[in-house]
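Here is a briefing on a structure with its sequence. It covers confidence, the chain contact and one residue.

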Amino acid sequence: MTTTGNTFTGDGRRTGAPVVSFENVSKSYGDVRAVADLDLQLYPGETVALLGPNGAGKSSTLDLLLGLRNPDAGRVELFGTTPQQAIARGKVGAMLQTGGLMEDVKVRQLVRLACDLHPQAHPVEQVMEHAGITEIADRMVNKLSGGQEQRVRFAMATAGASDLIVLDEPTTGMDVTSRQAFWSVMREQARQGRAVLFATHYLEEADAIADRVVVLHRGRVLADGSAAEIKAKAGARRIVFDLEGHISEATLRELPFLSSLEISGRTVRIQSHDADATVHAVYGLGLFPRNLEVAGLGLEQAFIAITDAATAEEAAA
Amino acid sequence: MNTLIKLEISRTLRNKKFMFFSVIYPAGLYLLIAGGASSTEVVGDSKLTLPLLMMVSMASFGAITAVLVGNSEKIAKEREKGWVRQLRLTALPGRGYVLAKIASAAVVSLPSIVFVFVIAAAVKDVRMEAAWQWFALTGAIWAGSIVFAALGVAVGYLATGDAVRPITMIIYFGLSMLGGLWMPTATFPQWLQDIAEWMPTHAYAALGQAIELGGAPHLKDVAILVGYLALFTGAATWLYRKDTHKA
């Protein structure tokens, strides 16, 4: 079930040297392997979503990428150098959940500081406008709401022309309007040839925004491709119908192309790699399904299917 | 980096409680200890009167308050809040943060030194033979406070959250008392005097006392301070790196 970055067949924008390169990177904390032999390359212009259940190694991966921790084994490179050097050259703009803000200063002072520290800084007013914090520029940082703080962090991450933008759960705490504004700014950044990497647990964001989705599970890459490819991989379609009379689970299990089966009361829920063939076989069994629905899986269901399957495989092994 | 230093200085100046504590408190303590003391009687074998002796002690004490207590708590708190982590994601060199903290502390330590001098001169009529001694004294105490600024940074990276205040206070009061900043070491029993002699605070105050006597600081005291500076800077650097790996 494991694939590498090489299988990605996006829109062919992958050109030039990788922006980010993980080579056989491992990191453990005590007995816990947070990142295990991770291989991952990101290229200019890509918008990549990093998905994974809690404890999948997303935060550890971002920490390693940003040089906040060093790997036990393997190599992490940004723009062909160490993460620290890349950051010192202003190549990276990053926004972490765990990143705090300086207190007792005004928003504008903090953004000015970020601009001052960036070797290719944008004008302060422009940065604040893009982050939607112009109206709160004169507020004290410690008086902000969660969503406002998040936008100030975003302003700090985009204070200059960085070639890679790393965002950890960037829209947490933002309302729907700020979230939309946020992503429209991000899309613009990607259009200018920047690579954008974001970790999120809003799967609809990954579906709508990323042109590449990387699913992590127990520190490994479980799936890597476009959102459509990830969905296809999970068992593409969902079939739901009701049955009357006796329902034999054993019989239903024999249906072709089944990837999961769930019976609750009269309702049968199936995930299938080939919905047409499965539905055909249902009729072939002499059953008469009522209220039949066939629908594509959302990325969220695909994600759950993929990670559940991996957990089951590991349990069986 | 200049923006960061400016910002740190303006934040420190805005912190009224801290300014009060480090500027007023040493001068107040000076009046308490030396207020009723004789201006002619020499303390032990120091060749200095109590008002002169305590002027240097309290100026040193004030400078230590500003650089040690201020830095350690601020750094520990900002590490905990993740601000240090956020700064690591900028192009700021690693030493930049520490330099800005030391610079902003130095801005507070200077008025606390000068204020003790003003009170001593005005209330206790403290005079020195030459005007240059006042400037040399200010310069020596201000420069010497770097040693304790480095200690403050080290403690800030060593301790977190609730632990930082008690740890800082134990070090701060322990060093001040043992080094003879609150009472002349001449009043200590011999065994304690032998320990006190090697305290950074003792060497620090001795710099000022030598200048008050019209001489240059003793080589031994300068060497002790340089030794402690190397130790504290080394510890701060090591703790900072360690923190980088698990930030």
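Chain A has a mean pLDDT of 86, and 94% of its residues reach 70 or more. pLDDT is the predictor's confidence in each residue, from 0 to 100. This is a predicted model: local features need pLDDT of at least 70, side-chain atom pairs count only at pLDDT 80 or more, and totals for chains, interfaces and linings use all residues. Residues are numbered from 1 along each chain as its sequence is written, while chains are lettered from A and ligands numbered from 1 in the order in which they are written.

**Confidence along chain A**
- Among the elements of chain A, helix 3 has the highest mean pLDDT (95) and helix 11 (residues 299-316) the lowest (78).
- Helices (H or I, at least four residues) are DSSP runs, numbered from the N terminus.
- The pLDDT is below 50 over residues 1-12 of chain A.
- Beyond near neighbours in sequence, this stretch has 24 contacts in the model; a contact means C-beta atoms, placed from the backbone, within 7 Å.

**Chain A against chain B**
- In chain A, 25 residues are in contact with 19 residues of chain B.
- Helix 2 (83-88) and helix 3 (107-117) of chain A are the elements that give two or more residues to this side of chain A.
- Helix 3 of chain A gives the most, with six residues.

**T278(A)**
- T278(A) is found in helix 10 (residues 275-284) of chain A.
- T278(A) is buried, because 20 other C-beta atoms lie within 10 Å; the cut-off for buried is 20 or more.
- Leaving aside neighbours within four places in sequence, its contacts include I239(A), L255(A), F257(A) and I270(A).

Methods
Contact = placed C-beta atoms within 7 Å. Buried ≥ 20, exposed ≤ 12 C-beta atoms within 10 Å, placed from the backbone.
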